[in-house]
Amino acid sequence: MGAALALGARGQGRTAPNPNVGCVIVKDGRVIGRGWTQPGGRPHAEAMALEQAGAESRGATLYVTLEPCAHRSPRGPACSDLIVAAGVARVVAAAEDPDPRTAGSGFARLRDAGVEVVSGVREAEAVASYAGFITRQRLGRPFVTLKLATSLDGRIALADGSSRWITGDAARAHVHLERSRREAILVGRGTWDADAPRLDVRLEGLEERGPVRVVLSSKPSMPSEVEARTSFRAGYEDSGSLDFARDGRDWIRLENPDQITTLPCDYLFVEGGAETAAAFLRADLVDRLLLYRAAILIGAGKSAIGDIGLSDLSDAHGRWTLADARMLGSDRFESYLRQR
């Protein structure tokens, strides 16, 4: 299952509207097939692994990070049907699929065909690995990661707005890796006007994995100098897809944080600035917080976040749990998860 989880992670931020699933097929102590959900959601992990294993699948054990789908689609067959047809003897799954089109039906179909099914293996890790899909199913919106890069005293810039660079090379490279795992990246209009950020991925070999760029702004147009650099779009309703923005490097404009429900993606990365961060926190839309702290003091600079609507200090407690902490060069990195 650990190998399946690692394979599934390869597709994170690339497989919407499908979850990023991993699959390993084992027979006689030997791996005979591996698969992970491909960009755009097809083929599914199980289909990829079964094709690799071929006739050897008969009598084998299949490990998968999510219940095999039971619903048939114009884009491909149901994975539970493929598993039965391949003669797999045993399926070990991490979690049940929350999609109502499957939701236990995949397991039922396998058992009805005589396939042994074991579920709940490393379930918490699996659910965390495709958190975007789970969030979309349960809350109807993308999984939101908020990134903050600050000084020790919680500043993101000098008083005059100078902010390059708060953190060092290792921390900034880590941010680019995080960007590569998200489908869309959002900044506020103030950050755009001040910095005209590229918001791309500048890691060798991952340059093509730049997320779609989203700006939070009540203004219906961008400044003329911006229009000359990128073709801005105020909406994407005609396409219903992020593909036009990913290919053309266009911008999508949202007027308020609640509109993220309209983005056809499972993972959204919010980079700032302070008022945008505060707006998402006030609306309780942040699921994961990434905090990069440089070993510097700024003093009378710009605060990392604005007013988040907190009126009672007791309400601030019990909301965040530390998930990861490490040093990135001279900078401290911490990851927190929202407890819901």
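**View 1. Helix H7 and its span.** Helix H7 covers residues 169–180, and its 12 residues reach 17 Å from the first C-alpha to the last, close to the 16 Å expected at 1.5 Å a residue. Keep in mind that this is a predicted model. Several residues of H7 are buried, including Ala171, His174, Val175 and His176. The buried residues of H7 pack against several strands, among them S6 (143–150), S8 (184–188) and S12 (267–272).

View 2. Asp169 and Arg172 meet through their side chains in a salt bridge, 2.7 Å from N to O. Both residues lie in H7, three residues apart, about one turn of the helix. An α-helix has 3.6 residues a turn, so residues three or four places apart point the same way. Asp169 is exposed, at 60% relative accessibility.

View 3. Glu178 belongs to helix H7 and Arg288 to strand S13, so the pair ties together parts that are 110 residues apart in sequence. Glu178 is buried, with a relative accessible area of 3%, and Arg288 is buried as well, at 15%.

**View 4. Glu125 with Arg122.** This salt bridge brings the closest N and O atoms to 2.8 Å apart. Glu125 is partly exposed at 38% relative accessibility, and Arg122 is partly exposed at 39%.

**View 5. Arg189 and Ser217.** Arg189 sits in helix H8 (residues 189–195). Its side chain makes a polar contact of 3.3 Å with the side chain of Ser217. Arg189 is buried, with a relative accessible area of 12%.

Notes
Residues numbered from 1 in each chain as written. Predicted model: local features only at pLDDT ≥ 70, side-chain atom pairs only at ≥ 80, totals over all residues. Heavy atoms only, no water. Helix = DSSP H or I, 4+ residues; strand = E, 2+ residues; numbered from the N terminus. Expected span 1.5 Å × (residues − 1). Buried < 20%, exposed > 50% of the residue type's maximum accessible area, 1.4 Å probe, protein only. Contact = heavy atoms within 4.5 Å. Polar contact = N/O pair within 3.5 Å; in protein donor to acceptor, adjacent residues only side chain to side chain. Salt bridge = Lys/Arg side-chain N within 4 Å of Asp/Glu carboxyl O.
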